Amino acid sequence: MSDNKGVRRVNEDLARERANCSFDVREITFLLDGGENNTITRKKIEDFTLTDELLSDKVPDECLSPKEKYENAVRKSCLFGKLVKDKLLEFGGLETFGPNSFVLRRIADAFFKEISPLLLHLGMFVPTILGQCTAEQQSEWLPRALSMQVIGTYAQTELGHGTFIRGLETTATYDPETEEFVLHSPTLSSFKWWAGGLGKTVNHCIVVAQLHTKGQCHGTHPFIVQIRDLETHQPLPGIKVGEIGPKLGFNTADNGFLGFDKYRIPRMNMMMKNAQILKDGTYVKLDRHGKMTYGTMVFIRVMVVNEVAFNLAKAATIAVRYSAVRRQSEKKPGEPEPQILDYVTQQHKLFICIATAHALQLTSDWLWRTFSGVVTDIKHGKTDSLPEFHALSSCLKAISTSDAALLIEQCRHSCGGHGYMMSSNLPLIYSFVTATRTYEGDYTVLLLQTARFLIKAWEQAEAGKPLTPTVSYLTKYFKDGRVPWDSTSEGIVNAAYGVAAGKISACVKSIRNRVKTGLSYEDAWDLTTVQLVAAAEAHCRAVICDVYRSEAVRLTEKSSPNVRAVMRQLTTLYLHYWALERIGDLLRYSAVSEEDVVALQQKYEELLALIRPDAVGLVDAFDIRDEILNSTLGAYDGRVYERLMEEALKSPLNAEPVNRSFHMYLKPLMQGKL
Ligand SMILES: CCCCCCCCCC/C=C\CCCCC/C=C/C(=O)SCCNC(=O)CCNC(=O)[C@H](O)C(C)(C)COP(=O)(O)OP(=O)(O)OC[C@H]1O[C@@H](n2cnc3c(N)ncnc32)[C@H](O)[C@@H]1OP(=O)(O)O
Ligand SMILES: Cc1cc2nc3c(=O)[nH]c(=O)nc-3n(C[C@H](O)[C@H](O)[C@H](O)COP(=O)(O)OP(=O)(O)OC[C@H]3O[C@@H](n4cnc5c(N)ncnc54)[C@H](O)[C@@H]3O)c2cc1C
C-alpha cells in the first residue's frame with residue numbers, strides 16, 4: 001500500500017514476504033483507519049501534501065547546526081502552517097482538531113524529523129482557547145489563531161514546579177483601577193520553563209498563574225498573554241524570554257523560558273469560561289467541579305495515547321522490514337544465512353511491538369469516543385464522569401507512553417548497529433516518545449492519581465455502593481481468594497482484573513494497617529505508594545487487555561477469515577505476553593498452576609511461529625509512507641544498504657577529501673611539532 005514513487009526494484013526477500021502474506025493488507029489498513037473512507041481521505045490528504053518540492057532537504061537535518069536546524073524547522077512549519085490554513089481545513093473545519101488531527105499529525109512527521117516549533121500552537125494553544133475561553137473570547141482569538149496571525153504556546157511549568165500545579169509561583173494580580181492584570185515572576189524558580197515554541201517562535205502564550213484579587217489568592221488560572229511585538233518580534237517591555245538549550249530530543253521545538261516584571265494585560269485576557277473577574281475585581285467561580293482549568297492537559301493525555309501508538313507502529317515497520325532484509329549468522333553449519341526475522345528471539349522482540357501498536361491504537365480510539373461522551377456531558381453541565389475519566393486517561397497516558405518508549409528502544413536494539421544511525425530514524429522516534437512519559441504529567445504522578453480513584457472505588461465497593469464502568473470489576477472480585485484460572489483470552493482478561501483487584505485490596509490493607517500504628521492517612525499513603533503505582537499499573541493493563549480483545553473482536557466481525565485469524569493471533573499473543581511478564585502476580589492472585597505456565601509459554605511460542613509469515617504484511621498494513629517513516633532501514637522497497645550509503649555520502653565531513661584539522665592538529669602531532 002505504501003507509496004513507492006519512481007518504481008524501484010524491491011528487495012527480493014521483502015517481495016517474497018509480501019507474496020506469501022496470508023491476508024489482504026488493505027483490509028487491516030481500513031480497520032486501523034476506522035473504515036475504508038477514512039483511508040481514502042487520509043491518502044488524498046497525504047497525496048497533495050507530501051510533495052518533493054515541500055520536503056526536499058539538501059543536507060540531512062541531523063548534520064545541521066542547532067541554529068540551522070531550528071531555522072529549517074520554522075521554514076517547514078510555515079509551509080505546513082500555510083497548507084493547514086489554505087487547504088486542509090476544507091477536510092473538516094474545526095473537526096480538524098478531532099479525528100483528522102491525527103492525519104495532520106502523521107503528515108507533519110514528513111516535514112519535521114524532530115518537532116515543529118508550531119506543534120504547541122496547534123496542539124495546545126488552539127485547544128486551550130476552545131476549552132477555556134467564553135464564546136465571546138473564542139470569537140476574538142480563534143480566527144486569529146487559526147489564520148496564524150497570532151502564534152501561541154502553553155506556558156504552565158516553571159523552573160521550580162511542573163507536577164505540582166498548585167505550587168506555581170507566577171502571579172496575576174488584578175488592578176481594578178486600570179482593569180488589568182499585573183503578571184509577575186517573583187523568584188527565579190517562578191520563571192516559566194519548557195513551553196514549546198516559546199524560545200524564539202511565538203508571539204503569544206497561555207500563561208498559567210496564581211490569580212490574586214481583593215487581597216485574596218484564588219489559585220491557578222490561564223491567561224492569554226502577548227509577549228512579542230507582531231511587527232518586529234522583539235520581546236515586549238517587562239518580558240524576559242529565551243530558549244532553554246539542547247535536550248535529549250525536541251531540539252527543533254525551541255522550548256523556552258519566560259519571566260514577567262510587573263507586566264500588564266487587559267482583564268479580558270483571563271480565559272473566563274470557568275471563572276471570571278468582574279470589573280470591580282469580584283471573583284466569580286463557574287466551575288462546579290473545581291478542576292476544569294486542567295482540561296487541556298486531559299485532552300492532550302488522550303491525544304498522546306494515539307501519538308505513541310503511531311510512533312510505535314513506525315518503529316515496528318522499520319524494524320520488521322529491516323529484519324526481513326538483513327541476513328546474519330547461520331542456524332545450521334553450511335546453511336545460507338537466515339533472515340534475522342527467522343530467529344525466534346527476534347520475533348519475540350518484534351511481534352509484541354506490532355500487537356502493542358494495535359492494542360494502543362484501538363484503546364486510543366475507544367478513549368477518544370469515551371472522551372467525546374465526557375465532553376458532551378460537560379456541555380450539558382454534568383461533570384460526574386470526570387473523576388473516572390481523569391483516572392482512566394491518567395493511567396492510559398502513563399502506561400502507553402512507557403510501554404511505547406521501551407518497545408521502540410527494543411526495535412532499535414533489534415536493528416543492531418544500523419539501528420543506532422540517525423538515518424534509521426529510530427533514535428529520533430525514541431527521543432520523541434520517551435519525553436511523552438514525562439510531559440503532560442509524569443508517569444508515577446499520573447498512576448498515583450489513578451490509584452486515588454481506585455482506593456475510593458474499593459471503599460465504595462465495601463460500602464455496597466454502585467461503581468462506575470471501568471472499576472465495576474471490583475464488585476466481582478471484592479471477596480478475598482484467588483481468581484479461577486482459565487487460559488482462554490477472556491480468562492486471561494478476567495485474571496488481569498483479578499490481579500488488579502488483589503493489588504488494590506493489598507494497598508487498602510497496607511494503608512489501614514499503617515494508620516492503625518498511629519500514622520496519619522497521608523503518611524500511610526506515602527509509605528504505600530510503591531504498591532499503589534503497581535496497583536494502578538495492573539488496573540490499566542487489565543483495561544488495555546479488555547479493550548483490545550473486545551474491540552478487535554468487534555472490528556473484525558465482518559472481516560475475511562484470514563484477517564480475523566491474524567488479528568486473533570495478535571490479541572492472543574498480547575495477552576499471553578503480559579500473562580508471562582506478570583506471572584508472579586498471577587501466581588499470587590489467581591489459581592494458575594505450574595502446568596498452566598508451561599502451557600502459556602508453549603502457546604506463546606506457537607503464536608510467534610504462526611505470525612512469522614504475516615509479519616511484513618502486518619507492518620505494511622500500518623500504511624506509513626516512506627516520507628513519514630524517514631528511515632534508511634524501513635523504506636518500502638527494502639534498499640537498506642543503498643540508502644545507508646546514500647545518506648552517509650551526504651555527511652558534510654565527506655564534502656572534502658581532507659579535513660583542515662589534519663593540517664592544524666594531526667600533522668603537527670605526527671611530526672612532534674604540536
Ligand atoms: C503540527 C501538527 C499539528 C497537529 C494537530 C495537533 C495534534 C496534537 C497532538 C498532540 C500530541 C503531542 C503534543 C504534545 C506536546 C505537549 C508538550 C508538553 C506540554 C506540557 O507538558 S504542559 C504541562 C503539563 N503539566 C502537567 O501535566 C502537570 C501534571 N500535574 C497535574 O496534572 C496535577 O497537578 C496533579 C493531577 C498531579 C495534582 O493536582 P492537584 O491540583 O494538586 O490535585 P490533587 O490535590 O492531587 O487532587 C485534587 C482532586 O482533583 C482531581 N484531579 C486532578 N487533576 C484532575 C483533572 N485533570 N481532571 C479531573 N480531576 C482532577 C484529583 O483526582 C483529586 O480528586 P479527589 O480529591 O481524589 O477526588
Ligand atoms: C519535551 C518536553 C516538553 C515540555 N513542554 C511543555 C510545555 O509546552 N508547556 C509546559 O508547561 N510544560 C512543558 N513540559 C514540562 C512537563 O509538563 C513537566 O516536565 C512534567 O509535567 C513533569 O514535571 P516536573 O518536570 O516538575 O517533574 P518533577 O515533578 O520534578 O518530577 C521529578 C521526579 O519526582 C517524582 N515526583 C514528583 N512529584 C511526585 C509525587 N507527588 N509523588 C511521587 N513522585 C513524585 C516524579 O515521579 C519524578 O520521578 C515539557 C517537558 C518536556 C520534557
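**Entry 1. Terms and model**

I note that two strands pair if DSSP finds at least two bridges between them. I take helices (H or I, at least four residues) and strands (E, at least two) as DSSP runs, numbered from the N terminus. The model is predicted: local features need pLDDT of at least 70, side-chain atom pairs count only at pLDDT 80 or more, and totals for chains, interfaces and linings use all residues. Residues are numbered from 1 along each chain as its sequence is written, while chains are lettered from A and ligands numbered from 1 in the order in which they are written.

**Entry 2. The sheet**

I looked up an open sheet of three strands, which has the order β4-β8-β7 and antiparallel pairing. β4 (192–195) and β7 (239–243) each have a single partner strand and stand at the edges, so one side of each has no neighbour in the sheet. From one strand to the next the twist averages 20° (axes are lines fitted to C-alpha atoms, for helices over the stretch in contact, and angles run from 0 to 180 degrees between N-to-C directions). I then followed β7 and β8 (residues 256–260), which pair in the antiparallel sense over five bridges. V241 has L258 in β8 as its bridge partner.

**Entry 3. Ligand 1**

I count a residue as near a molecule or strand if its C-beta atom, placed from the backbone, lies within 6 Å of it. Ligand 1 is surrounded by 35 residues, and the closest are G123, Y294, H390, Y439 and G441. Two or more residues come from each of α6 (99–111), α7 (119–132), α9 (295–325), α11 (386–414) and α13 (443–462). Which element gives the most to this shell? I found that α9 does, with six residues. By class, the shell around ligand 1 has 18 nonpolar, 11 polar and six charged residues. Here Ala, Val, Leu, Ile, Met, Phe, Trp, Tyr, Cys and Pro count as nonpolar, Asp, Glu, Lys and Arg as charged, and the others, Gly among them, as polar.

**Entry 4. Ligand 2**

I found 22 residues around ligand 2, of which Q156, T157, G162, T163 and W194 come nearest. β1 (154–155), β4 and α13 each give two or more residues to the shell, and α13 gives the most, with three. The classes are 10 nonpolar, 10 polar and two charged.
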